[in-house]
Amino acid sequence: MVVVMRERATEVQVDAVIARLIELGMDVHRSSGATRTVLGVVGAHKVEKELIELLDGVHEVLRITEPYKRASRTFHPEDSVVMVGDVRIGGDEVIVMAGPCSAETEEQCQASAAAVKRAGAKVLRGGAFKPRSSPYSFQGHGEKGLQMLRHAADAHNLKLISEVMDISQIGLIDKYCDIFQVGARNMQNYTLIRELGHARKPVLLKRGISATIEEWLLSAEYILAGGNNDVILCERGIRTFETATRNTFDISAIPVIKKLSHLPIVADPSHGAGRRDMVAQLARAAVAAGADGLIIEVHNDPDHALSDGAQSMFPDQFERLMAELRIIAPAIGRSICLESSARRGWAR
Ligand code: PEP
Ligand code: MN
């Protein structure tokens, strides 16, 4: 942190600021020019800069390092790779997670898992505890839903990700899933994310609906500070003045995160767009922008889905998207799963 004193700050004021900073546990390096004194402060990340700005004689306080340490690329220049069994997230390969918004029936989970596996997904997604805007909407099948998802994932050799909404659900999600998903509404649920810092499985942390990138990385810091290094960030669109799409998909968050952090970032174009006819475009853009993976809603019968049907892709749309991603990924030095058996019926 750098403290710039006012032009006419008195010696008494400068000494008082230095004394206060030292009292707060910081090292202070003073440099006095012809008109101003500037104080270089080391160890200031725990201090609110506003507290220093209020001191007599202070003109401006500038932060020069990020308030998050473990999530920052400054202290960890190499990209982090999160291992989910043998699946590497954050390496050369773009990892695709796909499946229904929620687990509805055994048949639906099995059919959706078969479809996403056939197209090249490595991880099955699906919710059993659903954070719905309305209390009257389908809330998920709870443990029964997790069982259906696990059966489907195992039957098709897929890893499984599912959302944990509350600290009381951690044990259950841990029992059935390979990755904990923290939803947009819970990015700042500090009791939940602090507890996930003690979990032994990776956490996919979605960006909050109105969270800045700094707030998002500070939430990641909670998990990392608890000792869990396996954090995957997920951009899923933010709330803006625009209403043409469900959310505004912030594609720039991908290169910004790549610059600021070593953590892998995946993109969720389904919640970003909110409609299936725009998901592929955003997915292609996210891979081109450098996303380490995608999480996409795919349903065997989306028009009858119990949640997020409008944004869920048909299996053949998803298969076509995967084929397109196989052209885009190598163009930017990445690879993507080559397992695709069927190349049929791309009519939709
Ligand atoms: C979901 O993935 O189905 C979901 C509820 O996502 P988000 O938290 O991004 O709204
Ligand atoms: Mn959804």
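How many bridges join strand β1 (residues 2-5) to β3, and in which sense do the two run? Three bridges join them, and the strands run antiparallel. Strands here are DSSP runs of E with at least two residues, helices are runs of H or I with at least four, and both are numbered from the N terminus; two strands pair if DSSP finds at least two bridges between them.

Colleagues, this is a predicted model, in which local features need pLDDT of at least 70 and side-chain atom pairs count only at pLDDT 80 or more, while totals for chains, interfaces and linings use all residues. Residues are numbered from 1 along each chain as its sequence is written, chains are lettered from A and ligands numbered from 1 in the order in which they are written, and side-chain values use heavy atoms, with hydrogens and water left out.

Let me stay with β3, residues 37-42. Val 2 has Gly 40 of β3 as its bridge partner. Strand β2 (residues 27-32) also pairs with β3, antiparallel and over six bridges, and Asp 27 is bridged to Val 42. Four residues lie between β2 and β3 in the hairpin that they form. Thr 37, Leu 39 and Val 41 make up the covered face of β3, and Val 38, Gly 40 and Val 42 the uncovered one.

I turn now to the helices. The axes of α10 (residues 279-288) and α11 (residues 315-331) come within 10 Å and cross at roughly 25°. The two helices are therefore roughly parallel, a term for angles under 35 degrees. The crossing of α10 with α11 is right-handed.

How values were computed
Axes fitted to C-alpha atoms, helices over the stretch in contact; angles between N-to-C directions. Parallel < 35°, antiparallel > 145°, perpendicular 65-115°, else oblique. Left-handed = near helix turned anticlockwise from the far one by under 90°. Buried < 20%, exposed > 50% of the residue type's maximum accessible area, 1.4 Å probe, protein only.
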